[in-house]
Amino acid sequence: MPCRGLDHIFLVLLLTSAEDLDCTPGFQQKVFHINQPAQFIEDQAILNLTFSDCKGNNKLHYEVSSPYFKVNNDGSLVALKNITAVGKTLFIHARTPHAEDMAELMIVGGKDIQGSLQDIFKFARTSPVPRQKRSIVVSPILIPENQRQPFPRDVGKVVDSDRPEGSKFRLTGKGVDQEPKGIFRINENTGSVSVTRTLDRETIATYQLFVETTDVNGKTLEGPVPLEVIVIDQNDNRPIFREGPYIGHVMEGSPTGTMVMRMTAFDADDPATDNALLRYNIRQQTPDKPSPNMFYIDPEKGDIVTVVSPALLDRETLENPKYELIIEAQDMAGLDVGLTGTATATIMIDDKNDHSPKFTRKEFQATVEEGVVGVIVNLTVEDKDDPSTGAWRAAYTIINGNPGQSFEIHTNPQTNEGMLSVVKPLDYEISAFHTLLIKVENEDPLVPDVSYGPSSTATVHITVLDVNEGPVFYPDPMMVTRQENISVGSVLLTVNATDPDSLQHQTIRYSVYKDPAGWLNINPINGTVDTTAVLDRESPFVHNSVYTALFLAIDSGNPPATGTGTLLITLEDVNDNAPFIYPTVAEVCDDAKNLSVVILGASDKDLHPNTDPFKFEIHKQAVPDKVWKVSKINNTHALVSLLQNLNKANYHLPIMVTDSGKPPMTNITDLRVQVCSCKNSKVDCNAAGALHFSVTSVLFMSLFSLACL
């Protein structure tokens with residue numbers, strides 16, 4: 001047992017063997033007791049230590065808290081020189097990449113050495129050793145994950161050789177009194193640390209706890225001192241492929257060793273251990289032709305590359321250009337004890353343009369009627385490349401025989417055929433035969449060692465069939481200019497239509513097709529057009545002084561063919577329309593101070609110079625300066641005004657308006673003037689019961705009044 005006079009409290013790691021594990025990492029014995037010798041002899045074994053990380057102790061390294069000692073490779077603890085006093089305790093730390101542990105050598109009868117703990121080592125994930133003298137010293141507790149019942153089980157013990165009577169241990173931190181609570185606890189009297197349930201390193205890898213001593217009232221006497229609990233990883237997670245689906249592409253004919261894709265898996269175990277050290281291999285290849293080993297995967301990186309010659313990667317000779325590989329990832333560096341996970345890699349052999357398109361025939365025939373447009377023949381080609389790529393899609397070009405650009409060729413996107421079309425009507429009388437030379441290429445360029453050969457060109461022979469074409473008017477449209485109102489029977493013109501079928505020697509007859517106003521007649525033999533009615537420029541059938549009529553020319557073919565010609569007659573204006581005034585009704589108050597009655601305007605259907613300036617007059621007014629007056633405003637308007645107020649009544653004033661044509665035309669229109677009563681802002685034009693006077697009556701009454709004087 002350790003001496004109670006030791007003024008340090010230290011934590012001794014006591015890892016119990018897990019009932020569910022074949023091997024528990026750490027020292028087989030963690031506490032040793034020896035009597036203080038008279039002298040530690042140089043290179044003489046003091047004791048033998050046994051440490052195992054359960055994985056072969058690769059890169060095992062020991063550290064001793066005193067610089068005067070070391071641990072040999074065989075586990076023997078020896079002194080580096082002859083020495084007498086080393087203190088009461090030595091700590092030995094063992095560490096590999098997979099595990100670490102602490103052992104304690106207690107020297108019975110040893111003497112304290114001031115500051116001897118100053119040289120205690122520091123290691124990964126271990127709380128730093130205090131730089132001052134203190135009562136609590138700790139080292140990590142290592143616990144394997146996935147331990148089974150029974151629980152709780154002791155995993156370590158805090159030993160306090162200098163603890164006051166009645167004091168207690170207290171453990172705090174996440175996993176004790178903080179979430180997740182209740183995982184660890186400490187015996188307040190003995191200092192034994194225990195775990196209450198199974199731990200999962202992938203959930204929590206380390207727990208940072210704190211140990212302190214308290215008096216009977218719970219007051220802290222010493223501490224808290226950090227205590228780290230490290231969960232030792234077990235290989236309990238399979239590798240998984242998380243980034244699928246995995247699809248790779250490689251061009252056909254690629255060199256051996258061409259990189260296709262990379263596949264990497266994830267393992268949730270400790271990446272610092274072999275539990276997460278993955279190795280890859282191909283478990284299965286489908287299909288397995290032409291070689292069962294078309295691809296190779298780098299066992300460490302997961303890179304998939306081709307391993308066959310370029311000749312075997314010929315897309316056109318493969319049964320299927322798609323390969324599926326079952327990729328396996330295994331942890332424990334690929335050892336048989338490792339866990340595995342699989343995923344499918346799909347590899348597409350992409351097409352390159354290593355086959356030129358070839359016409360299925362050297363010559364093609366087509367027949368088309370003259371005057372018809374549209375597709376006349378489909379040219380077929382063969383191409384072994386992938387139909388979904390530009391290495392298969394064809395592009396056609398007419399390279400000879402199309403000087404008038406009468407033909408075009410386009411690719412049918414579904415069949416890849418060349419659709420040859422007539423886009424300008426052909427004329428049998430000009431040429432009855434056409435010969436085209438057409439070449440075909442791919443949208444994508446060919447690979448350097450492949451070229452277009454003679455099979456990539458073809459000849460198309462086109463025969464044009466004669467049809468009975470309708471006669472053609474020349475010119476079309478036909479245009480003449482005449483004055484309107486010319487006499488009926490006047491000859492306008494003689495139309496001219498010719499038959500394109502010059503080799504058939506047919507006769508032509510003429511007829512009226514559309515004559516909206518019914519003004520025209522055509523001689524069916526010679527095509528002379530004359531009038532059957534007066535031509536009126538102001539007719540609603542005339543637009544912008546132009547009258548339009550259509551004529552037919554019919555040949556003597558069987559069946560007969562018809563041509564249509566247009567006649568445009570421009571009609572020159574004649575002064576045949578008298579002007580008219582507006583408005584024709586006006587009102588004025590009987591007591592108006594302003595004797596202006598109305599502003600008149602005039603309009604004429606004819607064209608200038610047969611319209612304005614207009615002349616406005618009062619027709620047949622015997623005494624024009626006694627009652628009414630008309631005054632010119634401008635060429636198209638005049639002012640009618642009174643010379644005196646009139647009684648309430650309706651008056652009719654004859655207005656004569658004359659245009660400027662030669663000879664001029666005149667129109668007389670009655671202007672009805674209502675003289676109304678206007679009182680208290682009310683206008684009363686009701687003439688019921690009132691006398692209706694004409695201008696002549698007013699003049700007669702005025703003359704009668706003058707005679708009586």
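Me: Asn 146 lies in the loop between strand S12 (141-144) and strand S13 (153-160). Why does Asn 146 count as partly exposed?

Reply: This is a predicted model. Asn 146 has 29% relative accessibility. Buried would need under 20% and exposed over 50%, so a value in between is called partly exposed. Asn 146 therefore counts as partly exposed.

Me: What is the phi of Asn 146?

Reply: Its phi is about 65°, a positive value, although Asn 146 is not a glycine.

Me: Cys 54 has a positive phi too, near 65°, and is likewise a residue other than glycine. Why does Cys 54 count as partly exposed?

Reply: The relative accessibility of Cys 54 is 32%.

Me: How many aromatic pairs does the structure hold?

Reply: There are 11 aromatic pairs.

Me: Why is the pair of Phe 27 and Phe 51 called edge-to-face?

Reply: The ring centres of Phe 27 and Phe 51 are 5.3 Å apart, and the planes stand at 65°. Rings pair if their centres lie within 6.5 Å, and planes over 60 degrees apart count as edge-to-face. Phe 27 and Phe 51 are therefore an edge-to-face pair.

Me: What makes this pair a link between distant parts of the chain?

Reply: Phe 27 is in strand S2 (residues 26-27) and Phe 51 is in strand S5, 24 residues apart. Both Phe 27 and Phe 51 are buried.

Me: Why is the pair of Phe 359 and Phe 364 edge-to-face?

Reply: Their ring centres are 6.1 Å apart and their planes are at 65°. The limits are within 6.5 Å for a pair and over 60 degrees for edge-to-face, so Phe 359 and Phe 364 are edge-to-face.

Me: Do Phe 359 and Phe 364 count as buried or exposed?

Reply: Phe 359 has 9% relative accessibility and Phe 364 has 0%. Buried means under 20%, so Phe 359 counts as buried, and so does Phe 364.

Me: How do you know that the charged end of Arg 153 sits over the ring of Phe 151?

Reply: The charged end of Arg 153 is 5.4 Å from the ring centre of Phe 151. The distance limit is within 6 Å, and the charge must also be within 35 degrees of the ring normal. Arg 153 is listed as sitting over the ring of Phe 151.

Notes
Residues numbered from 1 in each chain as written. Predicted model: local features only at pLDDT ≥ 70, side-chain atom pairs only at ≥ 80, totals over all residues. Heavy atoms only, no water. Buried < 20%, exposed > 50% of the residue type's maximum accessible area, 1.4 Å probe, protein only. Helix = DSSP H or I, 4+ residues; strand = E, 2+ residues; numbered from the N terminus. Phe/Tyr/Trp six-rings, centres within 6.5 Å; stacked < 30°, edge-to-face > 60°.
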